[in-house]
Amino acid sequence: DPIDQFSRWLKDAAENSMVVEANGMVLSTVVDNQPMSRSVLLKDVSQRGFTFFTNYESQKGTALEINPNVSLLFPWYPMERQVIVLGDAVQISETESEKYFATRPWSSQIGAWASNQSEVLDSREVLEARWKDIATKYPEGSTVPKPPHWGGFLVTPTSIEFWQGRYSRLHDRLRFTRNVELDSNQAETNWKLERFFP
């Protein structure tokens with residue numbers, strides 16, 4: 001199962017002291033044939049897919065509204081491993097987003113309110129002044145509500161590719177592709193596994 005395999009590799013990366021931000025991933029979107037990539041943090045992985053959180057009005061949020069097709073890249077360089085996920089991103093429920101937002105550090109909650117992510121900023125001082133204003137409105141220890149423009153996306157994978165570096169460029173490259181066809185026993189086969197030349 002590719003989700004189980006990914007979870008094992010994620011755990012390996014988290015336990016490797018040479019890997020910084022094991023849950024860091026590169027999210028790529030495409031709008032008007034123009035690709036755009038940025039780093040975000042994976043916050044959950046399950047049989048449903050891969051979940052991350054952001055400002056819905058940011059450049060990535062707007063891109064996902066226009067075109068939900070994405071690529072996620074997990075580059076665990078010190079381990080000579082990478083995983084590439086292709087899939088569709090959809091907003092998760094408000095309830096799920098609110099539940100996660102409540103677990104964030106207070107300073108990060110304030111930051112979500114203070115930053116008009118991806119908009120032009122006149123100066124650093126403007127951002128810091130906005131942060132102070134919000135921090136005064138919601139002092140540390142108080143309940144900070146989730147901004148309406150902030151929440152999660154779930155990427156439902158259609159393909160998950162595992163790459164393991166090996167000697168002499170004889171790397172291992174295995175790809176799971178979602179397959180809803182019926183097998184010979186008329187049971188639904190969730191994934192097709194293929195090995196590729198590196």
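Reply:

In helix H2, the buried residues are Lys60, Gly61, Ala63 and Leu64; buried means under 20% relative accessible area, exposed over 50%, and partly exposed in between, with a 1.4 Å probe and protein chains only. Helices (H or I, at least four residues) and strands (E, at least two) are DSSP runs, numbered from the N terminus. The model is predicted: local features need pLDDT of at least 70 and side-chain atom pairs pLDDT 80 or more, while totals for chains, interfaces and linings use all residues. Residues are numbered from 1 along each chain as its sequence is written, and side-chain values use heavy atoms, leaving out hydrogens and water.

Viewed down the axis of H2, the buried residues fall within an arc of 160 degrees, so they line one face of the helix; the arc is that of the directions from the helix axis to the C-beta atoms. The face turned away from this buried side carries the exposed residues Glu65 and Ile66. The buried residues of H2 pack against strands S1, S2 (34-41), S4, S5, S6 and S7, where contact means heavy atoms within 4.5 Å.

The loop between S4 and H2 (59-66) holds Tyr56, while Phe153 lies in strand S7, so their pair ties together parts that are 97 residues apart in sequence. Tyr56 counts as buried because its relative accessibility is 11%, and Phe153 counts as buried because its value is 4%.

Aromatic pairs occur elsewhere too: a search of the whole structure finds 15. Rings of Phe, Tyr and Trp (its six-membered ring) pair if their centres lie within 6.5 Å; planes under 30 degrees apart count as stacked, over 60 as edge-to-face and the rest as tilted. The rings of Phe53 and Trp150 have centres 5.4 Å apart and planes at 10 degrees, so this pair is stacked. Phe53 belongs to S4 and Trp150 to S7, so this pair also ties together parts 97 residues apart in sequence. Both Phe53 and Trp150 are buried. The pair of Tyr56 and Phe153, by contrast, is edge-to-face, with 5.4 Å from centre to centre and 90 degrees between the planes.

Not counting residues up to four places away in sequence, Phe6 touches Leu42, Val45, Phe50, Phe74, Trp76, Val83 and Phe162.

In H4 (residues 106-114), Trp106, Gln109, Ile110, Ala112 and Ala114 are buried. These residues pack against helix H3 (94-101), helix H5 (124-137) and S7.
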